[in-house]
Amino acid sequence: MKNTGAGLRAVAIAAAAACLAVTLTGCGGADTTQPSAARADPATTPTTQATQAARFGAVDCRQAKCIALTFDAGPSENSARLLDILKEKQVPATFFLLGERHIEKYPELVRRMAAEGHEVASHTWDHKILTRITPEEIREELRRPNDEIERLTGRRPTLMRPPQGRTNETVHEISRELGLAEVLWTVTAKDYTTTDSALIERRVLAQADRDGIILLHDIYDGTVPAVPGIIDALKERGFVFVTVPQLLAPGKALPGRVYR
């Protein structure tokens, strides 16, 4: 598992240089929808109070100062500890999971994520850059993790995060076909570049804002130890942690659309 993390770290560092100017938004250059716009879109907003209550849970992000904690590229050997922390802190998260060597290796953690109320989503099967492969390969990268997650949890993902945030019209079209919305981010700790947990925490806190989507990777050794401090500090600032679907509610993520 550490070899996988090291490999992804090397790829991510190289990509970071190419994406320096768009660090917070991903590298796709796509038109994106902000959470506030999704919440205000009447086409995606349930009309009945019962539907709204079910989707909101206890949080209405039209009123609350919401922020979403998201983790890419797991599950990993660090995920069980992360889930313990989230349970202790009573914080929901959104997990964008990889298939090969991750979902395959830790199916019990996928089940646990879903059982404990977290949103389980896709980060593709093998972390291929979707803008560099054929349409049929894109379909396979997106279909396989969805099949496995549905088999393990009983619920098919409706969200995916493209590797390195790289996306284009072809990815949008295939995502729409497969019932997936794309989710980028507004906060990144670049945790693939450091094992310094204190630095990871400082980077997140410096960028956090209302309706933020925080990008972290629980595959890296410095990340999970930074999570308690991030949660405590943001709660002190009045933030409420929600999943990505809760952040958009009462709207919902539309397949083929990009959110950040």
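A residue counts as buried when under 20% of its relative area is accessible. Keep that cut-off in mind while reading this predicted model. The chain has 260 residues, and buried ones make up 53% of them.

Start with the overall build. The chain holds 11 helices and 9 strands. Now look at how the chain meets itself. Take the contacts between residues at least 6 apart in sequence. Of these, 77% join residues at least 24 apart. The chain exposes about 10,900 Å². Carbon and sulfur atoms supply 49% of that area.

How far can the coordinates be trusted? The average pLDDT of the chain is 88. A score of at least 70 is reached by 82% of the residues. Residues 11-25 fall below 50. Beyond near neighbours in sequence, that stretch makes 22 contacts in the model. Residues 48-56 also have a pLDDT below 50. This second stretch has 14 contacts beyond near neighbours in sequence. Where pLDDT is low, the predicted coordinates should not be read in detail.

Now zoom in on one residue, His127. Where does His127 lie? Find the loop between β3 and α7. Strand β3 covers 119-122, and helix α7 covers 135-153. His127 sits in the loop that links the two. Is His127 buried or exposed? His127 has 18% relative accessibility, so it counts as buried. The limit is under 20%. Which side chain does His127 join through a polar contact? The partner is His123, and the contact between the two side chains is 3.3 Å.

How values were computed. Residues numbered from 1 in each chain as written. Predicted model: local features only at pLDDT ≥ 70, side-chain atom pairs only at ≥ 80, totals over all residues. Heavy atoms only, no water. Helix = DSSP H or I, 4+ residues; strand = E, 2+ residues; numbered from the N terminus. Buried < 20%, exposed > 50% of the residue type's maximum accessible area, 1.4 Å probe, protein only. Polar contact = N/O pair within 3.5 Å; in protein donor to acceptor, adjacent residues only side chain to side chain. Contact = heavy atoms within 4.5 Å. Areas by Shrake-Rupley, 256 points an atom, 1.4 Å probe, with all protein chains shown as cover. pLDDT = per-residue confidence, 0-100.
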